[in-house]
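Work through the exercises below with the sequence and the model open. Each task is followed by a stepwise solution.

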Amino acid sequence: MNKSNTGANSDTTYVIIDVFTILLGFLLTTLRFWDDLSVDNTREFTILAFVFLIIFLLNNKKEYIYNVTMFFYLDRIYRKITKSFLTGAGITIAIIYFTSSVELDSNVFLFFIIITYILVCCNTLLFRNRFVRIISKRILPRTAFVGKKESLNKFLYFFNKTSICIKNMGYICMNDEDCSDEYLGSISNLESIIREHNLDQIYIIQKREHDLDVIQKYIDMCIEMGVTCRVIVDYYKRRKASSYVSSIGTYPVITYHTISLNSYERIIKRLTDIISGFIGIVMSSPIMLITAIAIKLDSPGPVFFKQTRVGQNGRLFKIYKFRSMYIDAEERKKELMAQNEIEGGIMFKMKDDPRITRVGKIIRKLSVDELPQFFNVFGGSMSLVGTRPPTVDEVEKYERNQWRRISIKPGLTGMWQVNGRSNVSSFEDIVRMDTEYIDNWNLWLDLKIILKTVAVVLKHEGSY
């Protein structure tokens with residue numbers, strides 16, 4: 001995990017939009033002067049456009065254009081963009097003038113500058129703030145605000161001027177006597193509120209009269225459960241969590257978290273899930289077809305096993321697997337609980353489970369029963385690498401520190417699967433491995449786990 005999260009305040013979406021906008025300007029210019037551009041001119045124009053792009057992006061970053069806390073005042077945005085644009089154009093024109101090897105027609109670059117500036121102004125008007133909120137509505141973090149609703153009004157005024165996108169689930173009062181129907185409940189019941197509303201993050205507005213030790217207790221609770229906690233105004237010890245400081249309007253905000261917040265890493269991880277999910281579905285289709293036929297011939301019942309599982313921060317989703325047990329498996333589970341090999345009674349696992357069919361033993365041994373989960377990965381309810389997806393009844397038994405293992409998307413594979421899998425008999429060991437993954441997450445760790453998973457599957461280690 002990136003402990004500093006230096007990119008957490010940067011909105012990568014706008015960087016990508018600006019890159020595509022300038023590339024569009026380059027394409028339109030090239031098409032406009034297609035007959036006039038030689039091969040050498042095209043190469044030189046491409047280099048100049050790339051130099052302009054880099055300078056423009058760097059200047060925008062210097063002007064905090066890509067900062068999520070930047071207020072969306074149209075005149076302010078246009079003024080800063082124009083400054084960056086003129087800087088990029090001036091430096092690039094200087095390169096054309098002082099570099100004798102460049103023989104590009106000045107009309108080409110002038111057209112490029114004009115058409116690109118128009119496109120950038122249009123994308124600023126269309127894409128910034130509101131449009132991004134609309135297209136990202138389904139994946140917005142579920143957020144609650146702690147404090148008096150009146151005190152939060154000014155903060156939310158500033159908040160809504162930024163490009164920060166959330167799903168506001170409501171307000172939580174600081175004191176029981178202040179609570180009313182317009183609040184989700186009191187902060188004294190924060191744990192149950194987080195569970196009930198599947199919250200991803202909490203904003204606590206701290207007032208001078210609030211006891212720091214009391215607020216620290218709830219920060220620690222959020223950290224323990226893997227829920228991001230943002231504290232407005234004052235400073236607190238960060239304890240086990242990583243933190244960074246930002247500001248919204250006149251309010252300083254300190255964020256405590258145990259998961260990476262860098263948007264570019266999340267984008268790469270999601271793109272990896274989409275690509276790997278699609279490739280997994282295509283490549284495993286013949287195997288899945290053969291498996292489906294074998295299951296149908298072996299025992300009565302459906303081919304696929306569909307079950308409600310718990311995803312990120314308590315969200316429910318349907319997981320898909322090939323059916324490897326008889327259709328009355330869930331009813332017979334109670335009879336076999338005494339033979340559970342996982343300590344603690346939260347998870348259930350036993351060797352030579354009598355509920356498993358003949359074909360089921362084979363597909364479990366080869367891990368073929370997991371292949372339909374590529375559809376979960378492609379659809380976004382799961383990730384290729386993550387934590388083991390628990391059942392609803394398991395999560396209901398979780399203690400507070402165990403809740404943190406579902407603070408990220410569950411995965412098709414993960415630390416548990418490549419470190420013993422069914423040979424692990426302690427649920428606490430599973431929690432430890434999952435939280436270790438969360439604490440140390442990065443893209444290279446995902447790649448390492450994927451490679452180890454392939455080796456484990458080929459060796460049939462720990463599968464039954």
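**Exercise 1.** Which cysteine sulfur is closest to the sulfur of Cys122, and how far away is it?

*Solution.* The model is predicted: local features need pLDDT of at least 70, side-chain atom pairs count only at pLDDT 80 or more, and totals for chains, interfaces and linings use all residues. Residues are numbered from 1 along each chain as its sequence is written, and side-chain values use heavy atoms, with hydrogens and water left out.
- Step 1: the closest cysteine sulfur to that of Cys122 belongs to Cys121, at 7.0 Å, which is too far for a bond.
- Step 2: a disulfide is a pair of cysteine sulfur atoms within 2.5 Å.
- Step 3: Cys121 is buried at 16% relative accessible area, while Cys122 is partly exposed at 38% (buried is under 20%, exposed over 50%, partly exposed in between; 1.4 Å probe, protein chains only).

**Exercise 2.** Find the disulfide and classify the accessibility of its two cysteines.

*Solution.*
- Step 1: the structure has 1 disulfide, between Cys173 and Cys179, with an S to S distance of 1.7 Å.
- Step 2: Cys173 is buried at 1% relative accessibility, whereas Cys179 is partly exposed at 29%.

**Exercise 3.** Describe the salt bridge between Asp446 and Lys269.

*Solution.*
- Step 1: a salt bridge needs a side-chain nitrogen of Lys or Arg within 4 Å of a carboxyl oxygen of Asp or Glu; the structure has 15.
- Step 2: in the pair Asp446 and Lys269, the N to O distance is 2.6 Å.
- Step 3: Asp446 is in helix α16 (residues 443–459) and Lys269 in helix α9 (residues 263–298), so the bridge ties together parts 177 residues apart in sequence (helices are DSSP runs of H or I, at least four residues, numbered from the N terminus).
- Step 4: both Asp446 and Lys269 are buried.

Terms used. Helices (H or I, at least four residues) and strands (E, at least two) are DSSP runs, numbered from the N terminus.
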